Amino acid sequence: MQVVIDIIIPVFAIIIIGFVCGLTKIVSAESAKALNSYVLYVALPALLFYAVATAPIGELTNWDFLFANLIGILGSFIVTVFIMIFIFKKKTAELSIYGMNASYGTTGYMGLPLLIAAFGHDAALPAALATLIHNIPVIAIVIITFEWARAKNDVTSNNTFTFLKNVFKPVLFHPIMLSVLAGLIFSIFEIPLPNSLDIFASFLADAAGPTALFAIGLALVNQKGIISPSILTKKEVNTLIGMKLVFQPLLTIFLVLVVFDLEPIWALTTILMSALPIGAETFVFAQKYNTLTKETSMGIVISLLIAIVTISILFVILINYYNLTVI
């Protein structure tokens with residue numbers, strides 16, 4: 001119970017404050033976009049860079065952690081795609097957006113702040129690596145799928161270079177990828193961070209969690225009109241939420257407890273990250289490719305509201321199971 005009071009309530013209280021500030025117009029709800037950009041392009045990359053750059057290289061090659069996360073993500077993605085093909089009779093590139101809804105969580109905006117609030121610097125590295133693993137593979141699949149479909153439909157263009165650029169540029173230049181790659185250079189070559197860079201990165205890193213949580217609450221103001229009784233009858237949305245909040249965590253728990261051997265903090269991070277609600281960036285890609293925007297918006301909002309309860313319960317259970325001490 002003390003964990004709920006000390007860690008979970010303060011974390012979710014920041015989301016509520018963001019929502020109230022937007023609802024009462026203390027802060028404009030339209031500011032959510034600016035805050036999200038700040039988190040995605042400035043604060044979160046600084047946190048990931050700092051966590052990776054200051055970590056021993058041996059901790060970065062935790063293969064059991066990598067595969068436990070990756071198999072859980074891709075497992076939920078692939079099973080969802082098959083469900084959409086054989087049960088809902090869906091086809092074409094939109095299948096990747098369904099898969100993204102079922103496997104891509106709010107790792108950077110919710111999971112990472114929650115873990116660092118509970119365990120401090122000890123959780124920074126596994127949380128940072130999990131954020132990378134949960135982001136890059138799924139984003140890459142979505143981009144490749146749609147660019148491949150676009151190239152096939154565009155009979156007037158056979159430019160391989162353009163296709164490759166459209167596929168790899170967004171992945172390689174994604175702020176999360178760039179920040180981790182920069183951190184890897186410091187870690188691999190054992191380059192100590194200059195004091196000025198250390199202070200600069202740590203200051204920005206400290207701002208990532210609270211700002212991300214506040215932005216989530218603020219963004220909910222623009223989405224409040226989405227929720228209606230008719231949503232409960234949308235089987236596709238309910239399926240996606242079930243895959244993200246139930247199937248992926250159960251698959252990951254099996255992998256962590258039965259298949260792979262992980263230290264407690266790494267195991268807890270793996271399971272918790274898998275149980276997070278549908279990530280907001282899923283809507284960015286749905287909007288970019290003009291596919292499933294309404295379904296994705298509904299899934300994000302509803303899964304977040306459900307996850308406030310499920311994450312709280314799961315977090316307490318995991319802390320007690322692994323006998324971890326919160327800061």
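A pocket here is an open set of points on a 1 Å grid over the protein atoms alone, where a 1.4 Å probe fits and protein lies on both sides within 12 Å along at least five of seven lines. Its volume is the space filled by probe spheres set on the points, with grid points joined across faces, edges and corners. This is a predicted model, where local features need pLDDT of at least 70 and side-chain atom pairs count only at pLDDT 80 or more, while totals for chains, interfaces and linings use all residues. Residues are numbered from 1 along each chain as its sequence is written, and side-chain values use heavy atoms, with hydrogens and water left out.

**Largest pocket**
- You get about 1100 Å³ of space in the largest pocket.
- Its lining (residues with an atom within 4 Å of a point) runs to 44 residues, and Asn-36, Ala-280, Glu-281, Phe-283 and Val-284 are the closest to the centre.
- Helices (DSSP runs of H or I, at least four residues, numbered from the N terminus) giving at least two lining residues each include H2 (31–53), H13 (281–288) and H14 (293–321).
- H2 is the top contributor, with 7 residues.
- By class, the lining has 25 nonpolar residues (Ala, Val, Leu, Ile, Met, Phe, Trp, Tyr, Cys and Pro), 5 charged (Asp, Glu, Lys and Arg) and 14 polar (the others, Gly among them).

**Second largest pocket**
- The volume of the second largest pocket is about 270 Å³.
- It's lined by 18 residues, with Leu-47, Leu-112, Ile-116, Ala-205 and Asp-206 closest to the centre.
- Helix H1 (2–23), H2, H6 and H10 each put two or more residues into this lining, and H10 gives the most, with 6 residues.
- The lining of the second largest pocket splits into 13 nonpolar, 4 polar and 1 charged residues.
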